[in-house]
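Student: I'd like to learn how to read a fold from its elements. Can we walk through one together?

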Amino acid sequence: MEIVRRTWQRWRAGGEESAPGLDALLLAHYPGAVMLLDEQGVVLRVNPDFERHAGHPPDQLLGRRAVTLDADPLHGGFALALDHCFTTRQAWRGVLLCRRADGAPRHQTTMIQPLEERPGGPLRLLVIQYDVTGMRERELHDRQLLARLEGTVSRLPGAVFRLRQDAAGHLELLYASEGLVALIGQTPERVMDDIERLLGRVVAEDRRRLEVVLAQSAVSLEPCQLELRLDLPSGQRWLEARARPQRRRDGSTLWDGLLVEITERKHEEFKVRRLVSTDMLTGALNRRAFFEQGAALQARAQRHGEALPLAMLDLDHFKALNDTHGHAAGDLALQAFAATCRECLRPYDLFARIGGEEFAVLLVDISLDEAWPILERLRRAVEEIVLEVEGATIRFTVSLGLAILLPNGSLEGALGDADRALYRAKHEGRNRICGPGGASPLPRDADPA
Ligand SMILES: Nc1nc2c(ncn2[C@@H]2O[C@H](COP(=O)(O)OP(=O)(O)OP(=O)(O)O)[C@@H](O)[C@H]2O)c(=O)[nH]1
């Protein structure tokens, strides 16, 4: 516009004959419709390409008021814009809804520049229009597409996110979809404002894993996947995060990913795991779970250089009990025995049924000397069990073999040691504990069989 004004001033100063024609000048600079209006808004001249851009043959427009182009000539924006320019002598720019001669509405980006041929002379308005209907339609289409996409994203079972970690390791949530509200009860805006509103809820152990996984993914640029527990006011929830990283030129890493709730799935998993790791009759861990969980406990003890006391327990003369009172009574005895063991042990000790009437206990965080009285209390508690089955009173006892699982020892090996100690306990009269060093300091003579 500035070019036209300056050239217009040059043209005015030089005289009309010597100056390039206004039409030619405007055509050279503007790929749109150009009009020159008088002080009544009547069209004096138009550029040659006018019809192509404005959709009106010049001869139908010349000598008529320019507002006839307006989609609403009486109240439309064109009249208001012209009014503004005449009153203020200031330029106006904006988008006007105009109609072509065939009635088709078009959005025209419009610039109106007041021009004076000479000071105090008649005012002219230079109007330049550029048809942006296509652009606006594309913009509208894009906006509708975006709204549809946002709708789809918001209906996803979870939240889409973009996470950024700068070169110094500082994390920032750049984007999260509305699904975040259903997941953690916080709006995306609040978490984008302060990511601790999300990370601060992650269980400490899982947060450490998250930091490790992100660090690895930032180096390898491999996708990552992680299950996290969050402590929320509504209770603990499990979320799964899957994300794909990309490195930015500034050294930061971006992860685009999806966060979904998996609490129900995890509970089902725990249920299944409990089922496959539990002995159905007694509720104790089964042999497989004992070895699995025992290995995990041993790995932890190894890190601290600790030995773990390990005991084998075997009901005495159980065959006789079965033969005398029936298999169902034997089952009841096994259940009562397991319940008594659980009462005498701590919840984190590993108690498992590893054979028919054979059980094992791995005691955590105590020494062999400390384990002995606990097991002795258990032995006595079993002595106290009285079962009334079909008019018969059933009592039974248990023998125990105690061994030590050394930090660098094997669970199978220690179980073998405990079994040998158990054999000695049976051999020495049953209803007693034998350890690596020999029999219980409180051996019992009683042998109900
Ligand atoms: N009722 C019942 N009995 C079982 C179960 N599993 C194993 N048994 C029985 O446990 C008995 C084990 O007998 P033995 O191995 O001879 O040992 P015991 O009679 O206890 O003799 P000692 O161990 O030497 O004191 C067998 O009769 C098995 O049938 C079970 O699930 N339910």
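Tutor: Start with pairing: two strands pair if DSSP finds at least two bridges between them. Keep in mind that this is a predicted model. Here, strand β6 (residues 159–165) and β7 pair in the antiparallel sense over five bridges.

Student: Which residue does R164 stand opposite in β7?

Tutor: R164 faces E172 there.

Student: What is the strand order of the open sheet of five strands?

Tutor: The order runs β7-β6-β10-β9-β8, with antiparallel pairing. β7 (171–176) and β8 (224–232) each have a single partner strand, so they stand at the edges with one side left without a neighbour in the sheet. On average, and ignoring direction, neighbouring strands of this sheet are turned by 30° against each other.

Student: On to helices. Why do residues three or four places apart point the same way?

Tutor: Because an α-helix has 3.6 residues a turn. Now take α5 (residues 77–88): its twelve residues reach 16 Å from first C-alpha to last, close to the 16 Å expected at 1.5 Å a residue.

Student: Which residues of α5 are buried?

Tutor: F78, A81, L82 and C85. They cover an arc of only 95° around the axis, which puts them on the same side of α5. The face turned away from that buried side carries the exposed residues T87 and T88.

Student: And what covers the buried residues of α5?

Tutor: The cover includes β3 (92–99), β4 (105–116) and β5 (123–131).

Student: How does the span check work out for α14 (residues 327–344)?

Tutor: With 18 residues at 1.5 Å each, α14 should span 26 Å, and its end C-alpha atoms are 26 Å apart, so the two agree. Its buried residues are G330, A333, L334, F337 and C341. Seen down the axis of α14, these fall within an arc of 100°, so they line one face of the helix. A328 and E343 are exposed, on the face turned away from the buried side of α14.

Student: What does L44 touch, leaving out residues up to four places away in sequence?

Tutor: L36, L37 and D38. For a separate distance, L44 and R64 are 20 residues apart in sequence and 8.5 Å apart in space, C-alpha to C-alpha.

Notes
Residues are numbered from 1 along each chain as its sequence is written. This is a predicted model: local features need pLDDT of at least 70, side-chain atom pairs count only at pLDDT 80 or more; totals for chains, interfaces and linings use all residues. Helices (H or I, at least four residues) and strands (E, at least two) are DSSP runs, numbered from the N terminus. The expected span of a helix is 1.5 Å times one less than its number of residues. A residue is buried if 20 or more other C-beta atoms lie within 10 Å of its own, exposed if 12 or fewer, and partly exposed in between; C-beta atoms are placed from the backbone. The arc is that of the directions from the helix axis to the C-beta atoms. Two residues are in contact if their C-beta atoms, placed from the backbone, lie within 7 Å. Axes are lines fitted to C-alpha atoms, for helices over the stretch in contact, and angles run from 0 to 180 degrees between N-to-C directions.
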